[in-house]
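Notebook open, structure on screen.

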Amino acid sequence: MATSVRDARIDIVRGVAILTIVINHVTQSMQFYGLEGAPVPTPTAYGYSSAAELFVILSGYMVGLVYLSKPDPERRLLQRAGTLYLYNWLLLLCVLPFIVPMQPIEATYWRAESLLANPMSALLGFAMLVDAPRLLDILHLYIILLLAAPVAVFLYKRSATLMLGVAVAIYFLAHVNKSAQLWDEAAVWHFNPLAWQLIFFMPLVLGAQRAHVRLFSFFERPSGWKWTAALGVLVGLAAAAKVVAAHRYIPFFWLMTDRDSLGPVRIVHAALLLAFYAGLLVMAQPVIRTAPFRFLAVIGRHSLNCFAFGVFATYALTIGWARLSLGYGSYILAIVLAAGMTFVAALMWDRSRSAPRRKPA
């Protein structure tokens, strides 16, 4: 088993998460514009978590795995937050041409009504990480988490238990506010960072301890396939429960399954999916180097860049599809195009990163 810092299997799962996000975004946006017919199925439709949870969990894990093994991780994390802050402004500029001509009902769906009604106030909110058009808000969440990461690293260096205790307490506070509505300011975020920080900083600890090595080793044991099968049964039961809306019988189900405040059911389901994917990847080891897995790994290696590119592709493909009044076949083509464009972009970033750099004469 490989012991290098970067395990291709982690990148494959990240690639799955990014492609799922892109497909979901295109599908949901086109459904707003009247798409008829069955949507392209993704795990999101058959479970209590979405690819966004996997994206945040794996991002936190990679921060712990990569940054905490380097000198001065606090400074590096703040630099990364600054870089992503600039990227998000660039992304906003890229989607503005699609937003400006929108009708009011469209702007409401894309959460861009404030940007059209009061641009200066909306841009100030964007700058302060409290207001963003649809799909750009998860990058706001990630930037906020990176800005808070140096504090988490400070606590972790003193006691991992202390850091986790603080994260759990903040998560609990977010849920108390959700149920009691103690203050309105926390409602400005569609991904409340007070709640979502838990699945960023908890994986950060696991990443620093290279937990994936033990996880994959567990499934590589002779009995590993039985555990994978058992997890598959649980995933299937969760899918059935979601389809028949069994969660309605859970006390306070609206809080337990809420996305914005990250209900605990979503956390448990996301962890279940990740464990199941790990087992499947161990079983797929003989074919892990084939084209489909390499395709996913390339996207996973550049997950943040691919996410941002996927947001732009969603705006472009969806608005174009709506303006041209296209049908179901064009929706399927748009999904293929979005996936293909994401892979090509990731491949270009991959080759650019691996290209040898000339030393100055």
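Before I look up any volume, I need the term: a pocket is an open set of grid points with protein on both sides within 12 Å along at least five of seven lines. A volume is then the space filled by probe spheres set on the points. I also note that this is a predicted model.

**Entry 1: the largest pocket**

I looked up the largest pocket, and about 990 Å³ of space lies in it. Which residues lie nearest its centre? I found Arg-80, Arg-301, His-302, Leu-304 and Asn-305 there, out of 31 lining residues. Next I checked which helices take part. H2 (51-66), H3 (73-99), H7, H16 (303-323) and H17 (328-354) each supply at least two residues of this lining. H3 gives the most, with 10 residues. By class, I get 16 nonpolar, eight polar and seven charged residues in the lining of the largest pocket.

**Entry 2: the second largest pocket**

The second largest pocket holds about 530 Å³ of space. It has 21 lining residues, and Ile-57, Tyr-61, Leu-206, Leu-215 and Leu-274 are the closest to its centre. Helices H1 (8-32), H2, H10 (198-208), H11 (211-220) and H14 (264-283) each give two or more residues to this lining. Which element gives the largest share of the lining of the second largest pocket? That turned out to be H14, with six residues. I then sorted this lining by class and got 19 nonpolar residues, one polar and one charged.

**Entry 3: the cavities**

I found two cavities of 30 Å³ or more.

The largest cavity has a volume of about 60 Å³. Its lining includes Leu-92, Arg-111, Ser-114, Phe-126 and Asp-131. H5 (113-117) and H6 are the elements that give two or more residues to it, and H6 has the largest share, three residues. I noted eight nonpolar, one polar and two charged residues in the lining of the largest cavity.

The second largest cavity comes to about 50 Å³. Among the residues lining it are Val-16, Thr-20, Ser-49, Leu-54 and Tyr-277. H1, H2 and H14 each supply at least two residues here, with the largest share, three residues, coming from H1. How many charged residues are in the lining of the second largest cavity? I found no charged ones, with seven nonpolar and four polar.

**Entry 4: the nonpolar core**

Then I looked at the packing. The largest nonpolar core has 108 residues, and Leu-136, Trp-196 and Tyr-315 touch the most other members. Helix H7 (residues 137-158) supplies the largest share of this core, 13 residues. As background, nonpolar side chains in soluble globular proteins tend to be buried together.

I followed Leu-136 and skipped its neighbours within four places in sequence. Its contacts are Asn-88, Leu-91, Leu-92, Val-95, Phe-126, Val-311 and Tyr-315.

**Entry 5: aromatic rings**

My count came to 15 aromatic pairs. I picked out Trp-89 and Phe-126, an edge-to-face pair at 4.8 Å centre to centre with 75° between the planes. This pair links distant parts of the chain, with Trp-89 in H3 and Phe-126 in H6 (residues 119-127), 37 residues apart.

Phe-126 counts as buried because its relative accessibility is 3%, and the cut-off for buried is under 20%.

I also noted one aromatic cluster, formed by Phe-32, Tyr-33, Tyr-109, Trp-110 and Tyr-315.

**Entry 6: Glu-53**

One last residue to look up. Glu-53 lies in helix H2. Buried or exposed? Glu-53 has 0% relative accessibility, so it counts as buried. What is Glu-53 in contact with, leaving aside its neighbours within four places in sequence? I listed Trp-196, Ile-199, Leu-262, Arg-266 and Ala-270.

Conventions
Residues numbered from 1 in each chain as written. Predicted model: local features only at pLDDT ≥ 70, side-chain atom pairs only at ≥ 80, totals over all residues. Heavy atoms only, no water. Core = buried A, V, L, I, M, F, W, Y, C linked by side-chain atoms within 4.5 Å. Buried < 20%, exposed > 50% of the residue type's maximum accessible area, 1.4 Å probe, protein only. Helix = DSSP H or I, 4+ residues; strand = E, 2+ residues; numbered from the N terminus. Contact = heavy atoms within 4.5 Å. 1 Å grid on protein atoms, 1.4 Å probe; cavity = no way out; pocket = protein on both sides within 12 Å on 5 of 7 lines; lining within 4 Å. Nonpolar A, V, L, I, M, F, W, Y, C, P; charged D, E, K, R; others polar. Phe/Tyr/Trp six-rings, centres within 6.5 Å; stacked < 30°, edge-to-face > 60°.
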